[in-house]
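Hi everyone, thanks for making time.

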Amino acid sequence: MADAAQDGARGVLIAADKFKGSLTAVEVAERVTAGLRRVVPDLVVEAMPVADGGDGTVAAAVAAGFERRELRVAGPLGDEVTAAYALRGDTAVVEMAEASGLQRLPEGVFAPLTASTYGSGELLRAALDAGARTIVFGVGGSATTDGGAGMLAALGARFLDADGAQVAPGGGGLAALAAADLSGLDPRLAEIELVLASDVDNPLTGPKGAPAVYGPQKGASPDDVAALDAALAHYAKVLSQTPGVGAKAAEHAESPGAGAAGGIGYGALLVGARFRPGIEVMLDVLGFAPALARAGLVITGEGSLDEQTLHGKAPAGVAAAARAAGKEVVAVCGRLALAPEALGRAGIRRAYPLTGVEPDVAKCIAEAGPILERVAESIARDFLS
């Protein structure tokens with residue numbers, strides 16, 4: 001491998017997502033690099049941690065050279081939290097989970113009816129204040145099911161009950177919505193490119209909508225799911241009768257991505273966002289194409305390679321782009337639940353789970369880093385020696 005620096009085809013690009021609960025995407029890249037170089041010491045390795053719009057998206061942007069900017073915003077329960085967005089030039093990456101994610105709730109506490117996206121709107125406003133002309137809005141991992149009402153309120157919208165008072169925060173409060181006023185929305189929203197980056201394409205309501213599909217993950221009981229679905233349907237109906245949005249509100253409720261992150265996708269679409277699969281957006285933002293051109297082998301991965309991976313998750317997006325460029329792709333993961341045929345259809349030559357080295361799942365979670373290094377040694381021996 002002494003000629004690796006001169007021969008780009010022999011270089012390796014590590015473009016993996018996090019192993020949730022064990023390793024960040026940056027740590028995955030570090031551990032894989034260490035394992036590869038244990039076998040091939042002079043190997044040229046380029047690390048590009050990736051994310052699909054959910055938690056870890058800001059970290060991936062920062063690893064790619066964006067500046068991390070922190071501020072105090074409202075968490076999902078209304079208490080202040082320190083959240084971050086990423087900025088490079090006039091492009092910002094905002095991750096709703098930073099402000100409104102499940103990780104912002106106390107352990108074991110859920111608030112399916114009352115959790116609000118207000119803090120996510122504050123992050124978007126901060127990006128506007130910083131001069132962003134393009135905002136990539138990564139959504140996923142939310143604690144909320146409020147249809148983006150909290151976010152819109154932070155950006156100047158008003159949601160009023162029959163007495164003219166602000167409705168209570170959260171999706172549950174929208175059942176009392178009598179009127180919406182969007183005339184106070186930040187005018188800068190009309191002047192920028194807002195990209196809704198998500199790995200899900202659910203509509204707002206119904207059997208495939210945000211409450212039914214994702215509500216239970218946020219602590220919603222069957223009765224809560226029914227209440228939230230009805231409240232969001234009512235919210236969309238009121239908005240469809242609101243000057244400035246009108247018929248678009250009903251149309252957007254059925255649009256792909258409207259149900260993302262508890263319906264915050266719907267709120268984003270209402271203010272002109274364009275929906276794109278999260279991993280596609282992030283690969284563009286991170287500069288994946290030129291890095292791919294320099295590599296011969298691509299290593300992607302995430303904590304669990306399963307059926308969900310095939311539907312817009314980061315490894316599938318990386319593999320599709322690499323396959324289109326004629327590059328070979330292998331994957332690392334904690335758990336593998338895909339047959340070789342499914343991996344092949346996704347463009348992944350072979351997957352290397354931690355459980356292939358250490359059968360004890362608990363040990364794989366607790367000692368993911370060292371075990372991943374051993375997995376990377378196997379990849380080096382199989383593909384690079």
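First, a definition: by a salt bridge I mean a side-chain nitrogen of Lys or Arg within 4 Å of a carboxyl oxygen of Asp or Glu. Please keep in mind that this is a predicted model, where local features need pLDDT of at least 70, side-chain atom pairs count only at pLDDT 80 or more, and totals for chains, interfaces and linings use all residues. Residues are numbered from 1 along each chain as its sequence is written, and side-chain values use heavy atoms, with hydrogens and water left out.

By this rule we count 21 salt bridges. Let's begin with aspartate 199 and lysine 313, whose closest N and O atoms lie 2.8 Å apart. This pair links distant parts of the chain, 114 residues apart: aspartate 199 sits in the loop between β9 (193-198) and α6 (210-214), and lysine 313 in the loop between β11 (297-305) and α12 (314-324). Helices (H or I, at least four residues) and strands (E, at least two) are DSSP runs, numbered from the N terminus.

How accessible is lysine 313? Its relative accessible area is 21%, so lysine 313 is partly exposed; buried means under 20%, exposed over 50%, and partly exposed in between, with a 1.4 Å probe and protein chains only.

Next, arginine 188 pairs with aspartate 186 at 2.7 Å. Aspartate 186 is buried at 12%, while arginine 188 is partly exposed at 27%.

Finally, salt bridges with shared partners join Arg31, Arg38, Glu373, Glu377 and Arg381 into one network.
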